[in-house]
Amino acid sequence: MIPIHWYLMLGTALFTVGVIGVLTRRNVIVILMSIELILNAVNVNLVAFSDYFRSVDGQVFVIFVITDAAAEAAIGLALIIALFRNKETVNADEIDLLKW
Amino acid sequence: MTLLQIAFFFLSALALASAILVITRRNAVHSVIWLIVTLFSVGGIFLLLHAEFLFAVQVILYVGGIMVLFLFVVMLVNLDVAVKQAQFSRQWQLALATAIILMAELAYGIYRGHQGFTLAQTSAVPPTIGNTQAVALALYQDYMLPVEIASVLLLVAMVGAVVMAKRKLE
């Protein structure tokens, strides 16, 4: 029997790694991948509580999260392609078109 | 230590190590490969939690769909320039410290509150229907409207991606 707070600790650690990736990397594609890591950390928590309460509602939520992740990845990668076509860069700190 | 706990520790260590490799690799293709390892380990965690359907969804949709999309885009944009440049932004020390403080707070909260997680252990009734059947019943009965909204969201995302990646709108 695995206590539920082990799963929550794993979710916390994965979430933190994702946050570090979002905050420190310059490459926009790696930032998008870090967002996928964060979503996976949330999924671990949801499935852990779903198993814990013997209810499938948490798993249904995970399906919606995965749907959102797919939509977000498609839109984000299309944005990166459009951006690369205009600016010739994938670095987040060089994308400052809206900066005064 | 039971076999389940050994499996949990193995999968967790694999997921965490590959997640750290995702955010530290210089080459974005390597990051994608390590992210695939992370997703497989998280899928294994789902299996430990009796969510077999989600394991299949994770492998087919995440690894087979989203990661292939990522690989396509990594191959499309020019990597040779980005690999030689600095990989971390200027504020990385501050960001790292803040994120680690955040993790410490969350872990401390979970550690202090984990005695509260003991209520449902008594109702350990084995499920009468399979996991896939249970998820399908919940999806198409209780969550029918959200499923429809999610399908519209996917349609919007598809149209948006096509419009944004198009070279020129006429």
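A residue counts as buried if 20 or more other C-beta atoms lie within 10 Å of its own. In this predicted model, A:N40 is buried because 28 other C-beta atoms lie within 10 Å. The residue belongs to helix α2 of chain A, and, leaving aside residues up to four places away in sequence, A:N40 touches A:L14, B:L39 and B:V42. A:N40 and A:L14 are 26 residues apart in sequence, yet their C-alpha atoms are 7.8 Å apart in space.

**The two chains**

Chain A is built from 3 helices and 0 strands, so that, read from the N terminus, its elements run α-α-α. With a radius of gyration of 17 Å, well over the 13 Å that the globule rule gives for 100 residues, chain A is more spread out than a compact globule. Chain B holds 7 helices and 0 strands, and its elements follow one another as α-α-α-α-α-α-α from the N terminus on. The radius of gyration of chain B is 21 Å, whereas a compact globule of 170 residues would have one near 15 Å.

The table sets out further values for each chain.

| Chain | C-alpha span along principal axes | Buried residues | Contacts at least 24 apart, among those at least 6 apart in sequence |
|---|---|---|---|
| Chain A | about 55 × 25 × 20 Å | 55% of 100 residues | 45% |

The domain assignment of chain B gives domain 1, covering residues 1-84, and domain 2, covering residues 130-170. The C-alpha centres of domain 1 and domain 2 of chain B lie 23 Å apart.

**The nonpolar core**

The largest nonpolar core has 68 residues, and those with the most contacts inside it are A:L14, A:I29, A:V44, A:V47 and B:F70. At least two residues of this core come from each of α1 (4-24), α2 (28-52) and α3 (57-87) of chain A, and likewise from each of α1 (3-24), α2 (28-48), α3 (52-76) and α7 (144-165) of chain B. The largest share of the core, 13 residues, is supplied by α2(A). Within chain B, domain 1 (1-84) and domain 2 (130-170) each give this core at least three residues.

A:L14, one of the core residues with the most contacts, touches residues of both chains: A:L37, A:N40, A:A41 and A:V44, together with B:A15, B:L16 and B:A19, when residues up to four places away in sequence are not counted. Helix α1(A), which spans residues 4-24, is mostly covered, with 17 of its 21 residues buried. From its first C-alpha to its last, α1(A) reaches 31 Å, close to the 30 Å expected at 1.5 Å a residue.

**Where the chains meet**

Conventions
Residues are numbered from 1 along each chain as its sequence is written. Chains are lettered from A and ligands numbered from 1 in the order in which they are written. This is a predicted model: local features need pLDDT of at least 70, side-chain atom pairs count only at pLDDT 80 or more; totals for chains, interfaces and linings use all residues. A nonpolar core is a set of buried Ala, Val, Leu, Ile, Met, Phe, Trp, Tyr and Cys residues joined through C-beta atoms within 7 Å. A residue is buried if 20 or more other C-beta atoms lie within 10 Å of its own, exposed if 12 or fewer, and partly exposed in between; C-beta atoms are placed from the backbone. Helices (H or I, at least four residues) and strands (E, at least two) are DSSP runs, numbered from the N terminus. Domain bounds come from an automatic or database domain assignment. Two residues are in contact if their C-beta atoms, placed from the backbone, lie within 7 Å. The radius of gyration is taken over C-alpha atoms; the globule rule is 2.2 Å times the number of residues to the power 0.38. The expected span of a helix is 1.5 Å times one less than its number of residues.
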